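The sequence and structure come next.

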Amino acid sequence: MKRPIGIGIISYYYIFGAFILFITSIFYESNINEIGISDRFGLTHVPEQFMRVVVASITLIIIYGYMKLKKWGFWLMIVYSILFGTISLVLTLTYNQQPYIGNMIWSFIVLLYTLYTHKSFKHRKGCESKADSNYVIR
């Protein structure tokens, strides 16, 4: 099945974000962010650099399944969008800053689009014989 263009755009956006997280974990300066990623998850005792690497790695795993239109990629993207959307909502209500509002809106858009394209994730693996090649999934 052909991948919808929106899934590709969302995936490449998250790949770029994961790359930025990896880079910033190397060149991290603690004074820049008022609230780090560790603080956003309520894990203030976890080092910020480590948390950035963990979040970037998990994001890449989710994006792999999402781009390959795997069912587990669909469900993990749903959970990921809800989790980050909720965190952004709480931070928006607490600090009322634009980046959190933008992140919340983006998570909502990704969630809606992922739900809209749910049929793309319900395909079977390749047909095993020529007789099966006429099989249509509805």
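## Terms and basis

A crossing is left-handed if the near helix is turned anticlockwise from the far one by less than a right angle, and right-handed if clockwise. Helices (H or I, at least four residues) are DSSP runs, numbered from the N terminus.

This is a predicted model, in which local features need pLDDT of at least 70 and side-chain atom pairs count only at pLDDT 80 or more, while totals for chains, interfaces and linings use all residues. Residues are numbered from 1 along each chain as its sequence is written, and side-chain values use heavy atoms, with hydrogens and water left out.

## Helix α4

Helix α4 covers residues 71-95. The expected span of a helix is 1.5 Å times one less than its number of residues; for the 25 residues of α4 this gives 36 Å, which agrees with the 36 Å between its end C-alpha atoms. Asn96, which follows α4, has a positive phi near 50°.

## Packing of α4 with α5

The axes of α4 and helix α5 (residues 98-116) are 8 Å apart, at an angle of about 155°. Axes are lines fitted to C-alpha atoms, for helices over the stretch in contact, and angles run from 0 to 180 degrees between N-to-C directions. Angles under 35 degrees count as roughly parallel, over 145 as roughly antiparallel, 65 to 115 as roughly perpendicular and the rest as oblique. The pair α4 and α5 is therefore roughly antiparallel, and its crossing is left-handed.

The contact of α4 with α5 comprises 14 nonpolar, seven polar and no charged residues. Here Ala, Val, Leu, Ile, Met, Phe, Trp, Tyr, Cys and Pro count as nonpolar, Asp, Glu, Lys and Arg as charged, and the others, Gly among them, as polar.

## Packing of α3 with α4

Helix α3 (residues 48-67) packs on α4 at an angle of about 140°, with the axes 7 Å apart. The two helices α3 and α4 are therefore oblique to each other. Their crossing is left-handed.

In this contact, Val55, Thr59 and Tyr66 are among the α3 residues, and Trp72, Leu76 and Phe84 among those of α4. The contact of α3 with α4 has eleven nonpolar residues, three polar and no charged.

## Ser11

Ser11 lies in helix α1 (residues 5-26). Ser11 counts as buried because its relative accessibility is 0%. Apart from neighbours within four places in sequence, Ser11 is in contact with Ile63, Tyr66 and Met67.

Note on methods. Buried means under 20% relative accessible area, exposed over 50%, partly exposed in between (1.4 Å probe, protein chains only). Contact means heavy atoms within 4.5 Å.
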